Amino acid sequence: DIYGPSVGIMFGIAEGTRPQVRDEKFFVPLEAHGVEVMSMAFLTDDNTPVVWRGPMVSGALLQLITQTAWNDLDYLVIDMPPGTGDIQLTLAQKVPVAGSVIVTTPQAAAAEVAERAGSISQQTRQRVAGVIENMGAMVMPDGSTMDVFGIGGGQIVADRLGVILGHEVPLLASVPLDPTLRSGGDAGTPIVLDSPESPAAQQIQAVADKLAIRSDSLVG
């Protein structure tokens with residue numbers, strides 16, 4: 001999470017916590033909720049914005065990936081800035097096995113931005129694993145739903161990317177707009193642990209279940 005580092009906050013890691021350094025070279029990742037976490041926020045002063053040009057940001061991304069003493073990971077998830085830019089190109093060139101998960105909202109304008117972000121995979125030869133629609137229909141107290149940000153943007157992005165890339169791009173989930181999801185992120189308690197039966201948590205769990213299955217091998 002290079003430009004707007006917030007992963008530490010969402011995992012409940014205390015502000016100002018710094019990783020230890022092993023052999024004067026490798027950062028030891030922090031751990032929360034059974035997940036190893038490394039963030040740009042752990043390496044900068046509190047609330048200091050990352051105002052760097054492309055090459056510096058790309059170097060920082062590679063440092064976080066290659067100079068962190070990760071254990072035997074099942075998955076490495078990288079929180080990317082939206083759109084297309086140096087970070088996306090660096091990841092595609094330096095981590096060629098990486099796949100992309102495109103996140104959008106139901107709004108048409110956001111869907112267009114997400115579609116462009118997914119289309120870059122056609123040039124970088126990355127596989128788009130799927131699309132997540134965030135801020136979907138909000139469930140009201142009376143059981144009705146309200147489409148605050150519109151409807152259908154996630155499926156539109158998935159369908160269009162499927163045509164552009166020449167392979168099926170599934171809609172992995174539509175995560176509903178849920179105040180509990182927001183408050184859990186602010187408090188550092190993931191909703192999948194705090195309210196696992198909520199519709200938002202179930203959709204997020206569905207994403208994890210689908211991404212855990214690969215039809216192609218990354219060996220080599």
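Two strands are treated as paired if DSSP finds at least two bridges between them, and the strands and helices named in these legends are DSSP runs numbered from the N terminus, with at least two residues (E) for a strand and at least four (H or I) for a helix. The views show a predicted model, in which local features need pLDDT of at least 70 and side-chain atom pairs count only at pLDDT 80 or more, while totals for chains, interfaces and linings use all residues. Residues are numbered from 1 along each chain as its sequence is written, and side-chain values use heavy atoms, with hydrogens and water left out.

**View A. Strand 6 pairs with strand 5 and with strand 9.** Strand 5 (residues 100-104) runs parallel to strand 6, and five bridges join the two; within this pairing, Val101 stands opposite Gly130 of strand 6. Strand 6 also pairs with strand 9 (residues 171-176), again in the parallel sense, over four bridges, and here Gly136 has Pro176 in strand 9 as its bridge partner. In a regular strand the side chains alternate between the two faces of the sheet.

**View B. The largest nonpolar core has 18 residues.** A nonpolar core is a set of buried Ala, Val, Leu, Ile, Met, Phe, Trp, Tyr and Cys residues joined through side-chain atoms within 4.5 Å, where buried means under 20% relative accessible area, exposed means over 50%, and partly exposed covers the range in between (1.4 Å probe, protein chains only). The residues with the most contacts inside this core are Ile2, Ile13, Phe42 and Leu61. At least two core residues are supplied by each of strand 3 (30-32), helix 2 (54-66) and helix 3 (86-94), and helix 2 gives the largest share, five residues. Not counting residues up to four places away in sequence, Leu61 touches Ile2, Ile78, Ile87, Thr90 and Leu91, a contact being heavy atoms within 4.5 Å. Apart from this core lies another, of ten residues, which include Val128, Leu161, Leu165 and Val169.

**View C. Thr105 lies in the loop between strand 5 and helix 4.** At 16% relative accessibility, Thr105 counts as buried. With its neighbours within four places in sequence left aside, Thr105 is in contact with Ala110 and Ala111, with Glu133, Asn134 and Met135, and with Gly153 and Gly154.

**View D. Met135, Met146, Val148 and Phe149 make a nonpolar surface patch of about 320 Å².** Patches are made of residues with over 30% relative accessible area and no salt bridge, with nonpolar side chains (Val, Leu, Ile, Met, Phe, Trp, Tyr) joined within 5 Å and like charges within 9 Å; the areas come from the Shrake-Rupley method with a 1.4 Å probe, and for residues only the protein chains shown count as cover. Met135 lies in strand 6 (residues 128-136) and counts as partly exposed at 32% relative accessibility; although Met135 is not a glycine, its phi is positive, at about 60 degrees. Val148 is placed in the loop between strand 8 (145-146) and helix 6 (153-165), and this residue is also partly exposed, with a relative accessible area of 40%.

View E. Glu115 counts as buried at 17% relative accessibility, whereas Arg160 is partly exposed at 40%.

View F. Arg182 counts as exposed at 53% relative accessibility, and Asp186 is exposed with a relative accessible area of 52%.

**View G. His33 has a positive phi, near 55 degrees, in a residue other than glycine.** His33 is placed in the loop between strand 3 and strand 4 (35-37) and is partly exposed, with a relative accessible area of 42%.

Definitions and conventions. Salt bridge = Lys/Arg side-chain N within 4 Å of Asp/Glu carboxyl O.
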